[in-house]
Amino acid sequence: MRIIGIDTSITTASVALTENGQLIAEEIHSTRGSATHPQAIHLKANHAEVILPLIAALLRKSATSLRDVSAFAVSIGPGSFTGIRIGLSTVKGLAYGLGIPVVGISTLFANAARVDDFEGPVCSFLDARRNEVYAALFRRSGKGLMRLTEDKAAGAAEVIDTIGNLVGGAPCLFVGDGSETYESLLMDRFADKALLSTGDSYSSLASAVARLSEDRLQKINGTHLASLTPVYLRSSEAELKKKNSP
């Protein structure tokens, strides 16, 4: 089964092709450099402008045609409101045109599933701006990943305190751009028990999205396009301004 995974929910957009759970190729668009992903395309462009070119580059790199693709998988949030909408609309259009299934995967779940070099508590920790984070706690054991909390949007200090109480004195890996933004808060709470990663050292988020979708595709053959909806967890900036306006 060949699956194209797509992520536009975080700052770094990515697409990946997997076959039977193995990564075949990936393409990454980032506005910052990465020693781990030197092949990343660095352009000052938004996700709407780059996602289709990324898919085209992925197909060329892997010598694959869209007709060879069995399904699509896409991250559905939480994350960038605009980015999530771009990813969903792109996948829905492609899947409808090709008549193939699509699966939506939690961004926080996929972000934690990228980790391949740590066992124990893993906190998917994304900067949500306004002193808030998107977060969820998992436990990695072997190749398994167990969810310990639901996806949440809340103040960074509140989330850090909650995670600290849950993991006790155990080392915890915080993965995502929130680990960089709130490094001082994390170190104050966890000291040397906090292991921090922006996620750049792991494979793309899109590759995890594609891998995680395989079991679900085998069981339910995808999600009906009309029911594939974003997960925002909080109101957008525009909605908050409207709510607070006189």
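**View 1. Serine 197 in strand β11.** Serine 197 belongs to strand β11, which spans residues 194–197. Helices (H or I, at least four residues) and strands (E, at least two) are DSSP runs, numbered from the N terminus. This is a predicted model, in which local features need pLDDT of at least 70 and side-chain atom pairs count only at pLDDT 80 or more, while totals for chains, interfaces and linings use all residues. Residues are numbered from 1 along each chain as its sequence is written, and side-chain values use heavy atoms, with hydrogens and water left out. With a relative accessible area of 11%, serine 197 is buried (buried is under 20% relative accessible area, exposed over 50%, partly exposed in between, with a 1.4 Å probe and protein chains only). Apart from neighbours within four places in sequence, serine 197 is in contact with Leu173, Phe174, Val175, Gly176, Ser179 and Tyr202; contact means heavy atoms within 4.5 Å.

**View 2. Helices α4 and α6.** Two packed helices are described by the angle between their axes and the distance between the axes. For helix α4 (residues 156–167) and helix α6 (residues 183–190), the angle is about 30 degrees and the axes are 10 Å apart. Axes are lines fitted to C-alpha atoms, for helices over the stretch in contact, and angles run from 0 to 180 degrees between N-to-C directions. The angle makes α4 roughly parallel to α6 (under 35 degrees is roughly parallel, over 145 roughly antiparallel, 65 to 115 roughly perpendicular, and the rest oblique). Residues of α4 in the contact include Ile160, Asp161 and Ile163, and those of α6 include Leu185 and Arg189. By class, the contact of α4 with α6 has 8 nonpolar, 2 polar and 2 charged residues. Here Ala, Val, Leu, Ile, Met, Phe, Trp, Tyr, Cys and Pro count as nonpolar, Asp, Glu, Lys and Arg as charged, and the others, Gly among them, as polar.

**View 3. Isoleucine 160 in helix α4.** Isoleucine 160 lies in helix α4 and, at 3% relative accessibility, counts as buried. Leaving aside neighbours within four places in sequence, isoleucine 160 is in contact with Phe125, Leu185, Leu186, Arg189 and Phe190. Between isoleucine 160 and cysteine 123 there are 37 residues in sequence and 9.7 Å in space, C-alpha to C-alpha.

**View 4. Helices α1 and α2.** Helix α1 (residues 47–61) and helix α2 (residues 81–98) cross at roughly 40 degrees, and their axes come within 10 Å. This makes α1 oblique to α2. The contact is made by His47, Ala48, Ile51, Leu52 and Ile55 of α1 and by Gly83, Ile86, Thr90 and Leu94 of α2. By class, it has 6 nonpolar, 3 polar and no charged residues.

**View 5. The largest nonpolar core.** This core has 25 residues, of which Ile4, Ile6, Val15, Ile55, Phe72, Val74 and Val102 touch the most other members. A nonpolar core is a set of buried Ala, Val, Leu, Ile, Met, Phe, Trp, Tyr and Cys residues joined through side-chain atoms within 4.5 Å. At least two residues of the core come from each of β1 (2–7), β2 (13–19), α1, β4 (71–75) and α2.

View 6. Most residues other than glycine have a negative phi, and most peptide bonds are trans. A cis peptide bond joins glycine 77 and proline 78, with omega about 5 degrees; proline 78 lies in the loop between β4 and α2. Asparagine 131, in the loop between β6 (120–129) and β7 (132–141), has a positive phi near 60 degrees and counts as exposed at 59% relative accessibility. Alanine 191, in the loop between α6 and β11, has a positive phi near 55 degrees and is partly exposed, with a relative accessible area of 40%.
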